Amino acid sequence: MAVIKLQRPKLNFGEKIYFGALIKGFILTMTHAVKSLLGKSASADSMASSGLGVTMQFPEQRWDEHLPEYYRGAPALVTDEQGRERCVSCQLCEFICPPKAIKIIPSEIPSDDPWAKVEKRPKEFDIDMIRCIYCGMCEEVCPEQAIFLRKDYLITGLKRADMVHDKKRLYEIGGVRTGLVNKWNELK
Amino acid sequence: MPDLLFQLAIILVKIVALTFCVVLPLVPISVYFERRFCAVIQDRVGPNRTGIPLTLLGFKKDFHFFGLIQPMADGVKLFLKEDFTPNYVRKAFYWLAPALTVAPALITVCVVPFGSPITLFGHKENLVIADLDVGPLFVFAVSSLTVYGITLAGWSSNSKYPLIGGVRSTAQMISYEIALGLSIIPVLLYFGELNLGKIVQHQADHGWLLLPLWQNGSLGLPDLQTALFWIPAVIAFLIFTISIFAETNRMPFDLPECETELVGGYHTEYSSMKFALFFMGEYAAMVIGSALIVTLFLGGWSLGFGLDKYIADFHIGGFHFGGLIHLGIFIAKLIAFILFFILVRWTVPRFRYDQLMKLGWVIFFEAALINVFLAALIIAAPELTAAIIGIGAVLLIAVTAAIIWVAKVSEEHPKPLRA
């Protein structure tokens, strides 16, 4: 192993006495304190601060309108413009999901259904939000563009059962998405 | 006999009022200030929500009051936590240690003068629990017992990091006690008095040690001797303050409990109220340390500028309540100094252990010793002839130069045998 000789910096008398650095430090921290109390901290405006430091105070102030386009919140299922469930229960998301948060029970679509040609839809579709790590792999892997990460971030519950999103809840969060995949539409 | 009972009752009232209603509440308040102030320094908000939850009782709004209830909530949390005792500890000492750290800090309260005397029904009472004539010595004697608590905690935990923390703390506190004791000798020489109450009275009459700008109630520049004594006073103040930081294990000298190296230091194995006692002891030591600095150097309860005798004269009938105003002034000064402690903690990074020891033994010890002689020379100057003063000054400078030279030489590294 090569020996690297470190050259300690030569300190002059003022630096050795250390008081100058102390005073400088006090000035620095007090400047921060005063600016923070006046609501003039650096980038307080762009952070939409509450007027104390750069902090946005949560229940009253929300980050919602500042969320970036690529924000990954709670995953949700979507329906298309004709009210059809996009999910065909191929279970790719269930297999890709790193923390194994998704559980799907597929079911046949009865032959008298107008969308009988889709063949399958999920009977149960549960996402355990305690396990979910918001990685977005389910969205990436879905061939039907049926699952999306929405901007919902306040996923809370009083017990574990509350934190499992079932199919109904997932469609509630997801809503309708138009366009995208249209291979199941009627040929014109 | 009734007289004795009356005396005992007064002492009890003073203990309860001053220790439990003035100093102990300062501990959670300083914790609160610590959290809010550090938050503000770091551009955050800090605990500002915990209040009285009026919405639970059906009111429209909660009563936040800047989160001042937060320390109480912390206390309740610590009371309700599981008090876990690992089965590999030395139980008796493990249980004794927290008490040994808190008790000395609270006992030292008894010599701190909180205000000028109060007169009620013609009975004059000093606002100090025990008007000892050996105030600072008593404080040093008792507060150095704190080290037993910390050492015992480290040793009885029977675990490596607490032990290292305890040993570090022992070495640190013993080292800095020397600088601490030596640094106030000039102050005691100046006042010629060891009674803290009389020291403060003297400062109220003749100007604070660090601000000697009035004399017997009238503003004016000090005479030459007092002005010259300002130099050793400032040196003593710096050494004393920094040593108090080291004694109370505060940042930048909190090596006994530095999280990055020792998990939690000597209280790693403690939980719940036992941990809270260590925490409280540390903050109580900080409060007492600030009280001592304020008392010795910054005029204690006096407002200064010759206004104290007017305040002491305030009365309604036979009730002279000036002492209570002085109590308020003292607490204001105390809180200001605690804020300074907090500012230092969030400004200065932690020292290395060898730097800490070098600061204590090589710099402060010598500086305090030289300071004692400098102060003695200044105080004795009026009674000496010019020749003797000159010889003394030359000797002092020579000794100082010699000590600086020795310190410099000792710092040089030996040349390696092979390059």
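1. How are α14(B) and α15(B) oriented relative to each other, roughly parallel or roughly antiparallel? Helix α14 (residues 353-380) and helix α15 (residues 386-411) of chain B pack at an angle of about 175°, with their axes 11 Å apart, and they are therefore roughly antiparallel to each other. Angles under 35 degrees count as roughly parallel, over 145 as roughly antiparallel, 65 to 115 as roughly perpendicular and the rest as oblique; axes are lines fitted to C-alpha atoms, for helices over the stretch in contact, and angles run from 0 to 180 degrees between N-to-C directions.

2. This is a predicted model, in which local features need pLDDT of at least 70 and side-chain atom pairs count only at pLDDT 80 or more, while totals for chains, interfaces and linings use all residues. Residues are numbered from 1 along each chain as its sequence is written, and chains are lettered from A, and ligands numbered from 1, in the order in which they are written. Helices (H or I, at least four residues) and strands (E, at least two) are DSSP runs, numbered from the N terminus.

3. The contact of α14(B) with α15(B) has 11 nonpolar, two polar and one charged residues, where Ala, Val, Leu, Ile, Met, Phe, Trp, Tyr, Cys and Pro count as nonpolar, Asp, Glu, Lys and Arg as charged, and the others, Gly among them, as polar. Two residues are in contact if their C-beta atoms, placed from the backbone, lie within 7 Å. Among the residues involved are F373(B) and L377(B) on α14(B), and L396(B) and I403(B) on α15(B).

4. Helix α1 (residues 2-41) of chain B packs against α11(B) at an angle of about 105°, with their axes 9 Å apart, which makes α1(B) roughly perpendicular to α11(B). V23(B), L26(B), V27(B), S30(B) and V31(B) in α1(B) meet M280(B), Y283(B), A284(B), M286(B) and V287(B) in α11(B), a contact with nine nonpolar residues, one polar and no charged.

5. S272(B), in helix α11 (residues 272-297) of chain B, has a phi near 55°, a positive value in a residue other than glycine. S272(B) is partly exposed, with 16 other C-beta atoms within 10 Å; a residue is buried if 20 or more such atoms lie within 10 Å of its own C-beta, exposed if 12 or fewer, and partly exposed in between, with C-beta atoms placed from the backbone.

6. In chain A, an open sheet of three strands has the order β2-β3-β5, with antiparallel pairing, and its edge strands are β2 (102-108) and β5 (164-165), each of which pairs on one side only. Strands pair if DSSP finds at least two bridges between them. β2(A) and β3 (residues 120-128) of chain A are joined by seven bridges, with S107(A) partnered by R121(A) and P106(A) by P122(A). β3(A) and β5(A) pair over two bridges, and I127(A) stands opposite H165(A).

7. E119(A), in the loop between β2 and β3 of chain A, is not a glycine, yet has a positive phi of about 75°. E119(A) is exposed, with 11 other C-beta atoms within 10 Å.

8. Helix α5 (residues 167-174) of chain A lies across β3 and β5 of chain A, and runs at about 85° to β3(A).
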